[in-house]
Amino acid sequence: MEWSNREWLILFLIILVLLLGRNYMLVRRLQKMKRRENRNVALLAKFNQSQKMESIGRLAGGVAHDFNNMLTGISGAAEMLEAKMASKDPLKRYTDIILKACNRAANLTSELLVFSRNKGVDKGYMDLHECIEDSISLLAHGISRKITIRKSLKAQEFNIIGNHDMLQNMIMNLGFNAKDAMEEGGTMSIKTKNVELSSRRIQNTTHKVEPGKYVELIIKDTGAGIPKELHDKIFDPFFTTKGIGKGNGLGLPAVYGIVTNHDGTMKIDSSAKGTVFSIYFPVAKAKEKRKKKEGKIKEIKAKVLILDDEAILLELLKDMLESVGAEVITTTKPRDAIEIYEHKKDIDVVMLDVIMPTMNGIEVYEEMRKINPNVKVVLMSGYTQDKRIDGIVKNQKNVEFVRKPYMIKEVTSKLSKVLNGAE
Ligand SMILES: Nc1ncnc2c1ncn2[C@@H]1O[C@H](COP(=O)(O)OP(=O)(O)OP(=O)(O)O)[C@@H](O)[C@H]1O
Ligand SMILES: [Mg+2]
C-alpha cells in the first residue's frame, strides 16, 4: 500500500509532537533536578554558616563566663564601696567610673554572646519603630551630608520581643555598612512593613523560622553592591573588604547573631545599583507583654544560703545581702550546700551558681528538691548554654534566674520574687 503525502505528513507531525513532548518532559525533569540541587547547596551553606557561628559562640561563651565572674567581683565591690560612702564623698566619682566601665564591659560580653544561639540576652516586649528612630538619630550624626536618610515606617504591628540595645547595634552595623558603600554619596532608605511569611518564602531567607506574621525591616543603600561571589563570605567573622584599620569584619556576624537570637530571619539582594537587607522579626502579641522591672533595692528579711565556687563572689554577695537585712550562710562546695540545706530547717531561699566544676547548680537544685519539693531557688550564671535553666525557670514558680554580673537591685528583686511569689 502506497502512503499519500498527506499521510506521511500526519505521521511526521505525530513523531514531531512525541519528540517535542519527550524533550519538554526531559527539560522539566532537568529543571526540577537543578532546583533541588540549588536548594541542597543553599541548605548546606546555611548549615555551614550556623556551624561556624556556633563554634565562635562556644569560644565567646567560654570567655564570657570567666569574664562575667570577674566583672561581678569588680562591680559588686564598687557597689559596696559606694554604699559605705557618705552621699557627698568626692571619691564617689571613682566608684561611678568603675560601675560605668563595668556596665560597658558587660554589654561587650553580651555582644560576644549574640554570636551564639544562647538566649542569655534579656528580651522584652518592645516597640521596633522606637528603636529604629533612636538608631537613625545616632546614625545621622556619624554620616556625611552627601548621604540622605529616608524613613518610611509603615508596619501597623511593630511590637516584637527583643532587646533594644542589640537591635540598635544591628541597625547601626547595617547603617554603617551602607554608609561605607556610598563613599560618593547616595540614599539610605529605612522602611518597615508587615508581611505574612509562608514556608515557601522562608526558604529564600537565611534562617529556618516558623511561618506567620512578621515585621519586615528593610535597609537599602544605593552603593556599590556586594559581588555575587562574596555573598557566602560576608557573614564570616573577620571577613572584610575594607582594609586594615577600616573594618574588622564583625558587623555582619553580629547582625546574624542578633537576628538568630530574636527568632528572625533575613534576605539580601544586591546588585551594582545597591544593596537591600530585609530582616524579619515575629510580631509579638499584646499578651506577651512583660511587666516592667522595678528599679528599687528591696529589703530582704530572710535566711539565704549561697553556693558559688568563687570565694570572692560569695563574700561580696554576702555583704550585699546583709546590707539589705538578710541573714546569710555561704559555701563554695555543692555537697556542703545540700547538707546544710538538709540540716538547717530555717533556710528561706537558696542562691546557686550554675557552672561549677564538680557538680552544677541544677544538679544541686534537683538534690534539694528531693529534700523539699518547694525549695525556693535563685540560679546565677554569667553564661550558660544549658536550656534546662530556661525550662526550670518557666515551669517552676519557686525558681528565678539572675545573670552575672548582677547588681544588688536585680538580686533583691529576684529574691523577693521567689520569697513572696511577686516582683
Ligand atoms: N551595604 C553593603 N554594601 C556593600 N558591601 C557590603 C555592605 N554590607 C556589607 N558589605 C560587605 O561585607 C563585608 C563584611 O561586612 P561587616 O559589616 O561584617 O564588616 P566590615 O564592615 O568590613 O567591618 P566592621 O563592621 O567590623 O567595621 C564588608 O567588608 C563589605 O565588603
Ligand atoms: Mg560593618
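Modeller: Before we start, two residues count as in contact here if their C-beta atoms, placed from the backbone, lie within 7 Å. And keep in mind that this is a predicted model.

Colleague: Thanks! With that cut-off, which residues does Val304 touch, leaving out those up to four places away in sequence?

Modeller: Val304 touches Leu321, Ala326, Val328, Asp348, Val349 and Met351. Each of those pairs therefore meets the 7 Å limit between C-beta atoms.

Colleague: What makes the group around Val304 a nonpolar core?

Modeller: A core is a set of buried residues of the nonpolar kinds, Val and Leu among them, joined through C-beta atoms within 7 Å. The largest such set has 36 residues, and Val304 is one of those with the most contacts inside it, along with Leu305, Val350, Leu352, Val377, Val378 and Leu379. Helices and strands including β8, β10, β11 and α9 each supply at least two residues of this core, and α7 gives the largest share, five residues. There is also a second, separate core of 35 residues, which includes Met188, Ile258, Met266 and Tyr280.

Colleague: Now a charged residue. Why is Lys298 called buried?

Modeller: The cut-off is 20 or more other C-beta atoms within 10 Å. Lys298 has 20, so Lys298 counts as buried. This lysine lies in the loop between β7 and β8, and touches Val324, Thr412, Ser413 and Ser416, not counting residues up to four places away in sequence.

Colleague: How far apart are Lys298 and Thr412, in sequence and in space?

Modeller: They are 114 residues apart in sequence and 5.5 Å apart in space, C-alpha to C-alpha.

Colleague: How do you know that the buried residues of α9 line one face of the helix?

Modeller: The buried residues of α9 are Gly361, Ile362, Val364, Tyr365 and Met368. Seen down the helix axis, they fall within an arc of 155 degrees, so they line one face. On the other side of α9, Glu366 and Lys370 are exposed.

Colleague: And what surrounds ligand 1?

Modeller: There are 22 residues around ligand 1, the closest being Ala181, Thr240, Gly247, Gly251 and Leu252. Helix α4 brings the largest share of the shell, four residues.

Colleague: How do the residues of that shell divide into nonpolar, polar and charged?

Modeller: Nine are nonpolar, eleven polar and two charged.

Methods. Residues numbered from 1 in each chain as written. Chains lettered and ligands numbered in written order. Predicted model: local features only at pLDDT ≥ 70, side-chain atom pairs only at ≥ 80, totals over all residues. Near = placed C-beta within 6 Å. Nonpolar A, V, L, I, M, F, W, Y, C, P; charged D, E, K, R; others polar. Buried ≥ 20, exposed ≤ 12 C-beta atoms within 10 Å, placed from the backbone. Arc of directions from axis to C-beta.
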